[in-house]
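Subject: Structure for you to look at

Hello,

Here is the structure I promised to send over. Please open it first, then read my notes below.

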Amino acid sequence: MNGEAWLFIFAVLAAAALIFTSVFFIVSYSDLETDYINPIDLCNRLNAFVIPEHGLHAFLCLLFLLGFQWTCIVINAPLLAFNVNKIITNNWAHDATEIFRTLGGHKKESFIKLAFYLMCFFYYLYRMIVALIKDDV
Amino acid sequence: MAEPNQLPPGWEAHWDQTHQRFLYVDRESGQQQWEHPLENQPQLAFAQERQAPVANTKRRQYAVDQAAAYSEPVAQYADSSYPPQNIQQPVTPGYPQTFTPGEPQQQSYYQEQQQQYPAQPAYGAGQLADQFSGLGIGGQKPLALHSVNLLTTPPNPLELLAPPPPIRLPPGASILDSPLANADPSYMRCTVGAIPKTAALRTKSKVPLALVLSPNRSLGATEPPVPVVTDTVIARCRRCRTFINPFVQFVDGGSRWKCCVCNMNNEVPQLFDWDSVNNVQADRWSRPELSNGVVEFIAPTEYMVRPPAPLTYVFLVDVSHSAVQSGMLAAACRTILENLDRIPNEEARTKIAIIGFDVALYFFTLLADATEPSMLVVSDVDDVFLPQPSDILVNLTEARAALEALLAKLPSFFAESQTIGSALGPALQAGFKLISNTGGKMVVLTASLPTLGVGALKAREDVKLLGTPKESTLLQAGDTFYKTFAIECSRATVSVDMFLFATTYQDVASLSCLPHYTSGSTFYYPGFNAARVEDVKTFVHEFGEFLASPVGLEVLTRIRASTGLHRSSFHGNFFLRSTDLLAMSALPQDHSYVIELEIEETINAPYVVFQCSNLYTTAFGERRIRVTTLALPTTSNISEIYASADQVAIAAYLANKAVERTLTHKLEDARDMVTKVVTDLLNAYKETVTSAGGQLAIAHNLQMLPLLALGLLKHVALRPSAQIPSDLRAYAHTLFTTLPVQRLIPYLHPTFYALHNMPPECGTIGEHGVILPPALPLSSEYLERHGLYLMEDGLTIFLWVGRDAVPQLMMDVFDLPAYDALRGGKYTLPLLENAFSQRVNAVIGKIREMRRGVYYPPLYVVKDDGEPSLRMWALSTLIQDRGDQTPSYQQWLGQLRDKIASTGY
């Protein structure tokens with residue numbers, strides 16, 4: 001197997017993990033709305049996942065860069081920029097005091113990310129298969 | 001006597017489902033009547049009622065009083081020998097015993113009710129009479145909508161003192177028709193008096209929908225306390241947990257009640273009709289929760305997760321150089337010392353600790369038998385620990401002597417202090433460690449910017465940022481510590497209060513975060529200097545009142561509303577823990593909260609109910625639930641929404657919304673939001689109610705709204721200016737979100753009096769205390785060069801002296817020979833041996849004490865040609881004038897008219 005195949009196998013797994021975090025975020029938000037969890041616990045729980053999520057995505061982008069996968073970089077660049085901006089301006093953390101006011105925005109963001117990761121997942125899967133077939137031939 | 005089991009022989013009682021009352025039938029004659037047969041001797045019944053004000057006969061009484069009130073002139077009704085035939089007048093079954101507001105001759109009815117409900121907040125008869133005569137309406141007709149043209153109607157300051165438009169509930173909405181069934185507007189009021197049935201109608205009317213509530217408002221000397229249900233029988237809806245209230249209905253012969261919020265049928269608790277003290281059957285209708293909109297329940301043990309915590313105070317006192325030099329330390333210690341007796345301590349459970357801080361922390365051990373306090377210094381502020389597990393937090397009664405000795409000596413310990421710097425964050429952590437297991441109050445008194453340890457802040461105010469879009473960043477917390485620590489405090493039910501004294505930048509925006517999320521209060525005394533008597537007086541009064549106020553602890557507040565109404569946003573000092581649950585570490589007196597409402601689905605019910613319940617521990621260690629209920633009719637008629645709109649509540653909503661907008665967006669956006677709300681409202685009114693061109697019409701009861709909005713835009717909190725320090729802005733924001741409307745309105749729309757030519761009765765004691773002069777419109781065209789004027793916004797009083805003031809006036813008021821001898825600035829007015837001086841002093845005294853809250857406004861004497869900055873400040877209270885970058889009232893109306901015209905309607 002060549003490097004490209006390995007890269008996309010990893011990308012598929014990473015995309016799956018990112019999908020799971022998005023779903024986890026969405027589920028947590030609806031838990032908050034239905035009062036299964038209080039905002040303090042929610043924020044502590046979610047804030048622990050924000051940096052790993054952003055980190056994984058950034059790492060994936062780095063791998064694409066090293067593998068010269070320009071299409072993948074172009075696809076991921078907007079989200080990467082969005083995440084980096086959040087880290088730089090230091091507003092990546094969920095604020096328990098503002099959470100009910102910002103909940104709508106957070107939910108929207110998670111849904112968009114979920115859709116994006118899903119799309120990426122299938123694209124990486126396709127690229128992985130292509131790479132593997134190419135490998136066999 | 002309304003009990004069916006006490007019937008004379010031959011009579012039967014039948015529960016009538018439709019009318020929610022008993023129908024009495026005489027088996028022999030077949031006669032049916034609604035009144036209890038034993039009460040057909042009206043004179044006897046009346047005499048009994050007179051003797052026992054809280055008689056068990058309320059249910060009957062209404063019919064009697066009302067029949068009399070309708071047919072009898074007032075004077076005759078007051079006469080004890082009024083003819084019985086009037087009372088025997090039958091009350092027809094189809095006409096339920098309704099409370100009909102607006103009938104002028106019913107004054108006596110209100111008075112009667114007031115006497116019979118001694119344990120009630122005042123719902124003054126005179127006030128109601130004024131209200132109705134002022135509106136000129138009567139009967140049960142819908143509220144009449146009177147339009148006024150703003151362009152030709154000068155604003156009338158008296159309009160702001162009028163009560164909100166009366167609430168017209170459908171007949172029979174409340175089971176007892178008590179005039180107190182609805183909470184007084186000072187407890188809870190809504191921006192509209194009739195809730196639109198659909199969201200579309202609300203959007204079309206453009207009237208904001210919000211509740212303004214102040215559940216723990218202070219009671220005046222003449223106001224009776226809130227009635228308390230002592231038997232711990234608490235009827236609540238099984239589904240929505242609403243407390244039983246005057247707007248429920250009894251069904252199934254009175255054995256079940258139908259919840260007015262979710263329409264669920266619930267069992268009436270077994271002991272509901274039982275008097276557990278005397279072990280006898282009690283009269284259900286005498287239960288206060290069925291006749292009062294504001295009522296308190298004593299909570300049984302189910303409402304406690306632990307025994308009620310004692311009232312605990314930790315005073316964190318700044319002992320650095322700036323605190324010592326300004327005299328803050330001495331003044332604070334003296335005030336605590338003098339008010340030790342006023343701190344609520346009925347059960348001798350109150351606990352107190354005092355911690356000093358500068359760059360280190362100073363703990364004081366207070367042993368019960370020692371009179372000499374010993375000091376423990378902790379200089380490691382990075383890892384805070386308590387130097388000793390006990391004797392730092394002590395019982396006020398037991399360690400009284402040691403406490404007094406400490407407070408007397410504390411200023412002298414640090415008199416020579418040259419230390420600059422403040423480890424406020426570590427001090428807060430130490431205080432938190434001390435009381436985190438019981439909760440309580442931490443009172444911070446500081447005169448410096450925190451510079452050490454966690455929560456250290458930078459002097460981030462940059463004059464270049466002021467007046468730019470980036471200004472709002474200065475109004476947000478500068479360090480995340482102030483939010484995360486606030487949440488920790490909220491969890492442990494610790495409440496933080498801030499008393500800030502700095503002469504330089506202190507970052508009020510960050511520091512006020514702690515009181516904001518822990519239900520505390522922020523007080524700010526910029527440039528405090530104990531050498532000035534006026535500064536000390538203001539602080540000592542406010543701090544003393546603050547210590548003496550009966551505070552609630554461990555508070556959970558929930559706001560419930562009828563199906564279809566969603567509580568979308570909350571403003572005030574608390575931590576929002578769930579979609580409608582407010583966690584408050586304390587329930588301070590006279591704090592106000594604003595709750596925005598949204599109509600989620602079409603409301604079909606004829607009326608809706610809002611209920612605020614505060615579960616709290618009283619200062620004397622009792623767990624109580626205060627339930628405030630407000631019922632409002634619903635309407636599908638847009639003119640009824642306008643006719644019942646409450647401009648004062650809308651202004652409170654706008655102020656809170658503007659603060660939120662400033663913090664999440666920019667000051668500019670907040671101003672635009674205020675303008676947009678007013679423009680949209682005027683526009684919608686023009687579209688739906690009037691179509692006459694060339695005028696700016698608004699409902700009579702909303703005519704002050706544009707001026708209030710202008711006052712908001714010109715307020716130091718929102719005004720566009722590059723000169724306003726961010727500390728002042730941040731403090732104004734905290735006041736916007738906490739002041740009760742009674743104080744918030746003058747804060748937005750100050751009051752302006754002419755004193756030199758006030759009518760002779762002003763300043764003398766009248767029927768309702770000192771008579772105030774008539775308020776003038778807020779325009780400098782009323783300022784005459786020889787006059788003496790007073791402007792006040794509830795937090796500051798300005799005494800404006802015209803440059804041509806006659807020597808006699810100067811002599812009478814200031815005891816000075818001439819205008820030139822007068823010095824401007826903070827001033828204590830002498831009380832002289834002449835009538836005019838006494839009247840002026842009486843007016844000022846009245847202004848200082850007439851509103852709720854602990855504030856004691858300082859008095860500034862402003863000379864017509866005096867110091868420009870002070871002069872500008874005083875003139876900024878005259879909001880109808882043109883400001884630096886703000887329009888005059890006429891210009892503002894012109895702008896609004898042009899905006900409406902340009903939108904193409």
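**Helix α9 of chain B**

In chain B, helix α9 (residues 328-338) has these buried residues: B:Met328, B:Leu329, B:Ala331, B:Ala332, B:Cys333, B:Thr335 and B:Ile336. Buried means under 20% relative accessible area, exposed means over 50%, and partly exposed lies in between (1.4 Å probe, protein chains only). Helices (H or I, at least four residues) and strands (E, at least two) are DSSP runs, numbered from the N terminus. What do the buried residues of α9(B) pack against? Their partners in chain B are β15 (312-318), α8 (321-326), α10 (400-413), β20 (440-446) and α16 (533-548). Contact here means heavy atoms within 4.5 Å.

**How to read it**

This is a predicted model: local features need pLDDT of at least 70, side-chain atom pairs count only at pLDDT 80 or more, and totals for chains, interfaces and linings use all residues. Residues are numbered from 1 along each chain as its sequence is written, chains are lettered from A and ligands numbered from 1 in the order in which they are written, and side-chain values use heavy atoms, with hydrogens and water left out.

**Chain B overall**

Chain B has 905 residues, and 60% of them are buried. Its secondary structure comes to 26 helices and 37 strands. Take the contacts in chain B between residues at least 6 apart in sequence: 75% join residues at least 24 apart.

**Domains of chain B**

Chain B splits into domain 1 (312-548), domain 2 (648-747 + 884-901) and domain 3 (750-866). The bounds come from an automatic or database domain assignment. The centres of domains 1 and 2 of chain B, taken over C-alpha atoms, are 36 Å apart. In this pair, 20 residues of domain 1 are in contact with 17 residues of domain 2. Together the two domains bury about 1,500 Å², with 61% of it on carbon and sulfur atoms. Buried area is the accessible area (1.4 Å probe) that two parts lose on being put together, summed over both.

How many salt bridges are there between domain 1 and domain 2 of chain B? The count is one. A salt bridge is a side-chain nitrogen of Lys or Arg within 4 Å of a carboxyl oxygen of Asp or Glu. The side chains of B:Arg729 and B:Glu471 also meet in a salt bridge, at 2.8 Å, N to O.

**Chain A**

A:Phe59 is found in helix α2 of chain A. A:Phe59 is partly exposed, with a relative accessible area of 41%.

Best wishes
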